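Please open the structure in your viewer and keep the selection tool at hand. The tour moves from the whole chain to particular elements and residues.

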Amino acid sequence: MSSQRILEPTPESIEHCARHLQQGGLVGMPTETVYGLAADACDEDAVRMIYRAKSRPAGNPLIVHVSRPEQARRFAEGWDDRCQRLADTFWPGPLTLVAPACDALPDAVTGGGLAGGGLATRQQRASTCWYLLLPTSRTMWTAVHEAHSHHDARAGCGRGQWSGGAQPC
């Protein structure tokens, strides 16, 4: 049963959506560049729900949004000085960095090795997406489904919440 709702980005609704993610649910949200469907990147069942909801091919990796570069370093085995310099220069912002992933993340996040086992990470500027990362314990979420309107992203939410109303970041 779907529990889709459109929520304005208030502190209360962001906390509600963060709890929903922690409980294995999906949340549609605006990012800096597109609207996305998010799940806890460490929860393999939740990540697989994104693939099912979007009919996304299994080998098509997801982008993991982080609230701090340290999180990307923790999950990217190949995070090196070049990655750190790029993160220091361009994050937060719409730059996605890709490095070999560690074994702690579900294969579904990295495309099951079919895409080379790389972990794509991004740190958002202060936005609904960024604030959604803050109240959580893991604060690593996978955002996908590059939709260019909230209507397109909402169509793929399935069992989820929609945070951000109709306003882009």
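**The whole chain.** Begin with the cartoon display, in which the protein shows six helices and eight strands. Helices (H or I, at least four residues) and strands (E, at least two) are DSSP runs, numbered from the N terminus. Followed from the N terminus, the elements come in the order β-α-β-β-α-β-α-α-β-β-α-β-α-β. This is a predicted model, in which local features need pLDDT of at least 70 and side-chain atom pairs count only at pLDDT 80 or more, while totals for chains, interfaces and linings use all residues. Residues are numbered from 1 along each chain as its sequence is written, and side-chain values use heavy atoms, with hydrogens and water left out.

Of the 169 residues, 51% count as buried. Buried means under 20% relative accessible area, exposed over 50%, and partly exposed in between (1.4 Å probe, protein chains only).

**Strands E2 and E3.** Select residues 26-30, strand E2, together with residues 35-40, strand E3. The two strands run antiparallel and are joined by four bridges; strands pair if DSSP finds at least two bridges between them. They form a hairpin with four residues between them. Display Val-27 and then Ala-38, its bridge partner in E3. E3 is mostly covered, with six of its six residues buried.

**Helix H4.** Next, select residues 81-90, helix H4, and colour its buried residues Cys-83, Gln-84 and Ala-87. They lie on the same side of H4 because they cover an arc of only 100° around the axis, the arc being that of the directions from the helix axis to the C-beta atoms. Which exposed residues does the face turned away from the buried side carry? They are Asp-81, Arg-82, Arg-85 and Thr-89.

**The largest nonpolar core.** Such a core is a set of buried Ala, Val, Leu, Ile, Met, Phe, Trp, Tyr and Cys residues joined through side-chain atoms within 4.5 Å. The largest has 21 residues, and Val-47, Val-64, Trp-79, Trp-91, Leu-105, Val-109 and Leu-119 touch the most other members. Helix H2 (44-54), strand E4 (63-66), H3, H4 and E5 each give two or more residues to this core.

Finally, centre the view on Leu-119. Leaving aside residues up to four places away in sequence, the residues it touches include Val-64, Phe-75, Leu-97, Pro-100 and Val-109. Contact here means heavy atoms within 4.5 Å.
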